Amino acid sequence: MAKKGVFIRDVHSLEQLDDKFGATGKAMANIDQDVISCLQDVKQTLDKQLDYIHTRLGEAENKLSQAKSALEACQSAEAMAAAVGIPGTGCILEAGMVAEAQAEVTKWEMRYRQGQQIVAECQREIGEYNGPGGGHSLIQKMSETQTPKASELLRGCIDKLQDVLASSMVASTDVSGNDVPTTAESSQSDNPRTNDLKKFFRV
């Protein structure tokens, strides 16, 4: 049969649990800040990589523009030479440079589109984490509201148990009709188990 009542040595365990509540709240807040910092670092790294790709794309487009200009100049010269009966080379070299530059532009365009998609996905994930119902609001609620509330309720229990420990225990007579001490101190002074508990809990 389960014993009824309050076990005095539970107070120490409750105080330890209250300390855990406080430590847990701080730990969750630290985790939240670490996650936010990590997401920001990832976003900044992706932005730098996307800027690099955009720069390389610009360089490739400039080379393509120059190659096309060279091909057009060559073709104009070829036409003038053909008009006076001079055979031309067909601008094979210039045409090859245009094809090579176009392939480079196509490569960096594809990488830039992919980079934009990745950055947009990262931004969406950050928005979901920081938005309503996201991880940030959940952890913030737990660390700033729920954990302090649980600690407050637990402290209330601890205070009540400490009141029990400090309260007087009143009784008039024992079964034989003899007077019984009327305070907790006098009634427990000759009880070895009570003295042990007093030493343990310093009451």
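The second largest pocket in this predicted model holds about 220 Å³ of space. A pocket here is an open set of points on a 1 Å grid over the protein atoms alone, where a 1.4 Å probe fits, with protein on both sides within 12 Å along at least five of seven lines; lining residues have an atom within 4 Å of a point. Points are joined across faces, edges and corners, and the volume is the space filled by probe spheres set on them.

Two elements give two or more residues to that lining: helix 1 (10-83) and helix 2 (92-130). Helices are DSSP runs of H or I, at least four residues, numbered from the N terminus. Helix 1 gives the most, with 6 residues. The lining includes Arg56, Glu59, Ala60, Met97, Glu100 and Trp108. By type, it divides into 5 nonpolar, 1 polar and 5 charged. Nonpolar covers Ala, Val, Leu, Ile, Met, Phe, Trp, Tyr, Cys and Pro; charged covers Asp, Glu, Lys and Arg; the others, Gly among them, are polar.

A word on conventions. Residues are numbered from 1 along each chain as its sequence is written. The model is predicted, so local features need pLDDT of at least 70 and side-chain atom pairs count only at pLDDT 80 or more, while totals for chains, interfaces and linings use all residues, and side-chain values use heavy atoms, with hydrogens and water left out.

Next, the core. Trp108 lines the pocket and is also among the residues with the most contacts inside the largest nonpolar core, which has 18 residues. Such a core is a set of buried Ala, Val, Leu, Ile, Met, Phe, Trp, Tyr and Cys residues joined through side-chain atoms within 4.5 Å. Buried means under 20% relative accessible area, exposed over 50%, partly exposed in between, with a 1.4 Å probe and protein chains only. Helix 1 supplies the largest share of this core, 9 residues. Leaving aside neighbours within four places in sequence, Trp108 is in contact (heavy atoms within 4.5 Å) with Tyr52, Ile53, Arg56, Leu57 and Ala60.

Now the cysteines. How many disulfides does the structure hold? It holds 1, a disulfide being a pair of cysteine sulfur atoms within 2.5 Å. It joins Cys74 to Cys91, S to S 1.9 Å. Cys74 lies in helix 1 and Cys91 in the loop between helix 1 and helix 2, so the pair ties together parts 17 residues apart in sequence. Cys74 is buried at 13%, and Cys91 is buried at 2%. Cys38 is in no disulfide; its nearest cysteine sulfur, that of Cys122, is 9.3 Å away.
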